[in-house]
Amino acid sequence: MIENVSTQDRDLLGRLSVYFDSIEQRLREGQGWLIFNADSRRAGRISRFIGDRLREYRPLISSYLIPWRDFALNAYMLKVELVAGSTPPTDLPTDSRQQQEYAIAGRVSQDMYYQMRYCDLFVLNGVNPSYPHELGYLDQILADRYQNRRASILITPCMPHELAAGFQALAHDDGNEAWKRFFSRLYDTCLIAL
């Protein structure tokens, strides 16, 4: 596997190895990673490496590795679909089965939310917000983790300037502030790789 990867990835995997060799100390410090420029192949390789290393520490270290697609779906469920509570909209005819499905969706979404907030290490692969509710949800999760000094590893296909432009486009008036909050929190607590 090492022969088919770039110099940058060999360096990154080496740095990640050192990180996981002292993972308990890193987690006590709340230290994570922010990895830019990870296309799907690179992100998959990095995620597999992280997943393999995390299995070595089960059950002593709780972790939650989630792809962006699942994070975005959870954001939609909590921030758009279920904002009025755990029942379907009242203007639509509903039956008991539909109400039960909303209740299940609410419980699953809340469970994911708590795991993302409270696990020892949160790994989010493919960070690339497309909607304001995704950006707001990401900001909320990272604010909670930052406040409690919980480590996060975020992997994005974007370069820093591309992600910043995406934040500005989604947050409109608050775009610069949203990016500053995101980047300053992670710059304060993460190792950064391009």
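## Two crossing helices

Helix α4 (residues 68–81) and helix α6 (residues 132–147) have axes that come within 9 Å and cross at roughly 95 degrees. That is why α4 and α6 are roughly perpendicular to each other (65 to 115 degrees counts as such). Helices here are DSSP runs of H or I with at least four residues, and strands are E runs of at least two; axes are lines fitted to C-alpha atoms, with angles from 0 to 180 degrees between N-to-C directions.

On the α4 side, the contact (heavy atoms within 4.5 Å) is made by residues including W68, F71 and Y76, and on the α6 side by residues including H133, Y137 and I141. By class, there are 10 nonpolar, 3 polar and 2 charged residues in this contact.

## About the model

This is a predicted model, where local features need pLDDT of at least 70 and side-chain atom pairs pLDDT 80 or more, while totals for chains, interfaces and linings use all residues. Numbering starts from 1 along each chain, and side-chain values use heavy atoms, leaving out hydrogens and water.

## The cavities

A cavity is a set of points on a 1 Å grid where a 1.4 Å probe fits but cannot get out, and lining residues have an atom within 4 Å of a point. The whole structure has 2 cavities of 30 Å³ or more. The largest cavity holds about 80 Å³ of space, and α6, β4 (151–155) and α8 (175–189) each supply at least two of its lining residues.

The second largest cavity holds about 30 Å³. L135, L138, D139, L142, F167, A178 and F182 line it, and α6 gives the most, with 4 residues.

Notes. Parallel < 35°, antiparallel > 145°, perpendicular 65-115°, else oblique. Nonpolar A, V, L, I, M, F, W, Y, C, P; charged D, E, K, R; others polar. 1 Å grid on protein atoms, 1.4 Å probe; cavity = no way out; pocket = protein on both sides within 12 Å on 5 of 7 lines; lining within 4 Å. Points joined across faces, edges and corners; volume = space filled by probe spheres on them.
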